[in-house]
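Please keep the sequence and the 3D view open while reading.

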Amino acid sequence: MQMLTAGATAPDFSLQDQNGNTVTLSQYKGKNNVLVYFYPKAMTPGCITQACSLRDSKSELDALNTVVLGISPDPVKRLKNFEQKKELNFTLLSDEDHAIADAFGVWGPKKFMGREFDGIHRISFLVGTDGNIKHVFNKFKTKDHHDVVVNYLKGE
């Protein structure tokens with residue numbers, strides 16, 4: 001797993017959102033910062049905590065010119081269910097073959113309850129309006145991810 005670092009060009013992608021629409025990273029270039037956050041699986045406790053905190057921070061993120069794109073290997077139908085049940089107000093993207101997670105370097109070996117498997121590591125990337133990675137968020141707890149991001153953006 002070779003994770004991208006600040007200063008690297010963010011790989012452009014085209015993925016289906018929770019409504020079946022195609023979303024590309026390049027559609028935000030020149031307009032908004034983009035928080036690309038990778039999470040393992042919709043409707044699991046940690047992912048719910050992280051997503052709901054970002055949902056509740058939307059007005060602050062909007063004021064800081066930042067759009068949120070959540071990426072997981074879940075199918076579109078599961079993402080729609082996640083959005084509706086948790087009243088999410090940002091875009092969720094389906095990366096079922098984990099090609100984008102691979103491109104960002106966040107797909108790799110994990111351990112959970114003594115079991116080893118490959119999966120998405122919970123890491124977020126702040127992509128600037130120029131399309132380059134401004135910052136990598138890889139040290140946070142799910143409950144304070146939104147605070148770490150907002151505080152970073154305010155201190156830029």
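Pro11 counts as partly exposed because its relative accessibility is 22%; buried means under 20% relative accessible area, exposed over 50%, and partly exposed in between, with a 1.4 Å probe and protein chains only. Pro11 sits in the segment before β1 (14-17). Helices (H or I, at least four residues) and strands (E, at least two) are DSSP runs, numbered from the N terminus.

Not counting residues up to four places away in sequence, Pro11 touches Leu4, Leu25, Ala103 and Phe104, where contact means heavy atoms within 4.5 Å. Pro11 and Ser26 are 15 residues apart along the chain, and 9.1 Å separates their C-alpha atoms.

## Basis of the model

The model is predicted: local features need pLDDT of at least 70 and side-chain atom pairs count only at pLDDT 80 or more, while totals for chains, interfaces and linings use all residues. Residues are numbered from 1 along each chain as its sequence is written, and side-chain values use heavy atoms, with hydrogens and water left out.

Helix α1 (residues 45-56) has 12 residues and reaches 17 Å from its first C-alpha to its last. That is close to the 16 Å expected at 1.5 Å a residue, the expected span being 1.5 Å times one less than the number of residues. The buried residues of α1 are Cys47, Ile48, Gln50, Ala51, Cys52, Ser53 and Leu54. Their cover includes the strands β3 (33-38), β4 (66-72) and β8 (124-127), together with the helices α2 (58-63), α3 (76-86) and α5 (145-155).

Cys47, in helix α1, carries the UniProt annotation "active site" from an unreviewed entry. UniProt positions are given in the numbering used here, feature names are shortened, and annotations may be inferred rather than shown by experiment. Cys47 is buried because its relative accessible area is 1%. Leaving aside neighbours within four places in sequence, Cys47 is in contact with Tyr39, Pro40, Lys41, Phe82 and Arg122.

## His145 in helix α5

His145 belongs to helix α5 and counts as buried, at 0% relative accessibility. Beyond its neighbours within four places in sequence, His145 contacts Leu35, Tyr37, Gln50, Leu54, Ser124 and Phe140.

## Two residues with positive phi

Most residues other than glycine have a negative phi. Met43 is not a glycine, yet has a positive phi of about 70°. Met43 is placed in the loop between β3 and α1 and is partly exposed, with a relative accessible area of 26%.

His98 also is not a glycine and has a positive phi of about 50°. His98 lies in the loop between β5 (91-94) and α4 (99-104). At 22% relative accessibility, His98 is partly exposed.

## The largest pocket

The largest pocket holds about 310 Å³ of space. On a 1 Å grid over the protein atoms alone, a pocket is an open set of points where a 1.4 Å probe fits, with protein on both sides within 12 Å along at least five of seven lines; lining residues have an atom within 4 Å of a point. Grid points are joined across faces, edges and corners, and a volume is the space filled by probe spheres set on the points.

Of the 13 lining residues, Pro40, Lys41, Lys110, Phe112 and Phe117 are the closest to the centre of the pocket. The elements that give two or more residues to the lining are β6 (107-112) and β7 (115-120). The largest share, 5 residues, comes from β7.
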